[in-house]
Structures are given as C-alpha cells and as structure tokens.
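Please look at the sequence and the 3D structure shown here before reading on.

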Amino acid sequence: MVDLKTLKQLIKMMVDNDLTELDIQAEGGPIKLRRNSQAAGGVQMIPMAQPAAPATAAAAPGQTAPTASDTDNGDDEGGETIDSPMVGTFYEASSPDAKAFASVGDRVDPDSVVCIVEAMKVFNEIKAETSGTIVKILVENGQAVEFGQPLYVIKPD
Amino acid sequence: MFSRILIANRGEIAVRIIRAAHDLGIEAVAVYSTADKDSKHVKIADQAICIGAAPPAESYLNIARIIAAAEVANVDAIHPGYGFLAENSHFAEVCRSCNIEFIGPSVESMRILGDKVQCKQLAIKNKVPTSPGSKGEIDPENETEAVKIAKEIGYPVIIKAAAGGGGRGMRVAHNDMSLRSGIKAARQEAEAAFGNGTVYLEKFIEHARHVEVQIIGDQHGNVIHLYERDCTM
C-alpha cells in the first residue's frame, strides 16, 4: 500500500490540476483514484491487490466524458431539462470573451440559442426548444457531453 | 500499441472486442443508443458514451456522432466490429483524416473488395481462378450486349449487384427474356438497397457449395489464413 503522505500529495495533485482519474502502479500494487470534479472535491480510492510493478503514472485530463451514471445530476424543483441533442464539447458562449448565451434567471424561447456543442470542429448552436426560465446550469464550460445529457434545468412558463 | 480505443458497435462483438482490449491493457470506450443503455458492452467498458436514439441511422451508423464520441473520449483508434460501418471505406477514410486509426484494412482495400466487379478484376489480374462471367459491369443502355455476353457464358446466368451483399440485388436468368427483366429488377433492387445500381453477369452454379478461407494480414507483411469455413446454406 502507498503511504498516507504520498496519498495526500496525489490527491492534492488531482485537485490542483482538476484531474478526474489517476491510475498509478505503486510498489504495493495498482491504485485508482476517482474524483467527480462537479462535486465538492471528494476523492474516492479503489485499492487493488496485484503483483508489484515499477511506479508509473497515467493521468486522464479533467475533460473526460461522464458515464451514464454521472448524468443523474437531477432536475430539481419539478423543472424540465434541456438535453444535449449530440455528442461533443459544451461551450456556454460563442467565444471565450463573449457573454454566455444562457445564465441562471434568463428567460428563453424555443428558438433561443442556449449554448454551443462542438464536434469535429463544427460549432453547433443548441436551441432551448421550450419556453421558460433557466434555473440551473448542469455542465461546465469545455466539458464533454453525450447525447441526451441534461445541460440546463428550466422552469417552463 | 494503442492506449484507448472506441468500439463502434454493440452486442456480442462489442463485448468480445472490449475483453480483448482489456487483455492487452487497452482502455475500451463503448458507444450506445438510448435503447442499449443497459447492455453488457456498456457495463464492461471503461467509459460509455450515449450517441443517439435507437435507430441505427441515428447511432451506430452515424459517422459524425461516432467520430464526435471518439474525439471527446480522446481515443487512439476505433474498432468497427462487424456489420454497421465495418465495411464502409468512407468511414475508414473519415477516421484516419481525423487522426484516429481505423482498426481494419486500408481504405483502398476496402474500396476494391467492397465492389464485386473491381474485386473480380483484381482476382483475374492476379491469376486467381474465377467463375465465367462478364469482364466488367453491364451497360444498362445496351441490352443486346448483355444478351451476347450471357450467350457466351451460357445460360443459366446470374445477375449480381456490384455493391451487393446478403443475397440482395441478384436475379437468375435462364433465357434472353428473363435476362432482360432480371437486369431491370436487379438494378432497381441494388439502387434501393445499396445506392448503386451497377450489375454484372456470372455463370449460375446450381447446387453450389460456398466455402470461405479467411485471411488476415498486418502492416508488417504478416499474413495468415484462418482455415476454411463452410457457408453453404
């Protein structure tokens, strides 16, 4: 098993670099650390007993696509959700310095553009498809999203 | 060796590929339609991305969505499995142009072998015995020519779609009249099923046995055969 001091250093490294996955081969066996970057920084460790191997580290960047279980971020307060119609990378605005298309509290119509989902260098404008007020934004700028993934909680008119 | 691959398929073949990837220490990314979210291949993959609704055209046959998933998952390569896009040379081309390796043959090989006329011409060029038939595609405007070729081959003949598969776009003809109507019917079916109405003629072999020898090769010049397989129905 890896010692506590090293473990704390690894966790700090994950948080500092916004990593969601860290797999290492330590002397005592492989260690897997998983962190949900949307939650309040909790890190889960999954120890596994396997033969020793030299220490190598493979870190996954913080923008890996969430699996199906991560999409249960919930529509709360009886609202509906605006879901992604495609796979790609979510952007809240048309460019890094531009104002976000949709912020909490904004009212939208079916044809209002709420965000951009980029795939294969094509920037697709995503429409609200419904009328209402944005209650919550469920994804972060630059995050990978899958088909059907809820992006916004919206309170219909 | 790849570190992460995406499997553009579902069901048992996706499961087998994921298992093989894991045996090799490769991470496996699964894609699924909304209908397959509880499937086994989704459960055993390291990562799973929903790419669309149930119809294959919106999911497993949708090149843009599969490539988008491959990009967000940052994979090195895509394994197409069998069926779906596995024999689609355009898909292989798109993958490689997006810097994602396609685990399969070269685009050129897929293009030639996916077209029965070109494939047969390649065989003849390499002195591989073929059944008697037309040298190339049948000119749809020239029925007289088709009849002449059929007589040279000798009835019965079979009209086959160049882009065909699964037994579709084929008609057997025993005489000139059924040849003419058969060519029309085969062309129509081929156009509808494969988007390509090109047909050619071959001698029809009755009570045939369909035996395949499967061959696999890699980029380093290694080629092996996987013995024979009786596909006679």
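## Terms and numbering

Two strands are said to pair if DSSP finds at least two bridges between them, where strands (E, at least two residues) and helices (H or I, at least four residues) are DSSP runs, numbered from the N terminus. This is a predicted model, in which local features need pLDDT of at least 70 and side-chain atom pairs count only at pLDDT 80 or more, while totals for chains, interfaces and linings use all residues. Residues are numbered from 1 along each chain as its sequence is written, and chains are lettered from A and ligands numbered from 1 in the order in which they are written.

## A sheet in chain A

In chain A, 4 strands form an open, antiparallel sheet in the order β9-β8-β6-β11. Because β9 (122-127) and β11 (144-145) of chain A stand at the edges, each with a single partner strand, one side of each is left without a neighbour in the sheet.

Strand β6 (residues 88-91) of chain A is joined to β11(A) by 2 bridges, and these strands run antiparallel; A:Thr89 stands opposite A:Ala144 in β11(A).

## A sheet in chain B and its helices

In chain B, 5 strands form an open sheet with parallel pairing, in the order β3-β2-β1-β4-β5. Strands β3 and β5 (101-102) of chain B are at the edges with a single partner strand each, so one side of each has no neighbour in the sheet. Strand β1 (residues 4-7) of chain B is joined by 3 bridges to the parallel strand β4 (residues 77-79) of chain B, and B:Ile7 stands opposite B:His79 in β4(B).

Helix α1 (residues 11-23) of chain B packs on this sheet, where it touches β1, β2 (27-33) and β4 of chain B, and its direction makes about 165° with that of β2(B). Such angles run from 0 to 180 degrees between N-to-C directions, with axes that are lines fitted to C-alpha atoms, for helices over the stretch in contact.

## Where the chains touch

Counting two residues as in contact if their C-beta atoms, placed from the backbone, lie within 7 Å, 17 residues of chain B are in contact with 14 residues of chain A. On the side of chain B that touches chain A, β3 (47-52) and α3 (63-72) of chain B each supply at least two residues, and α3(B) gives the most, with 7 residues.
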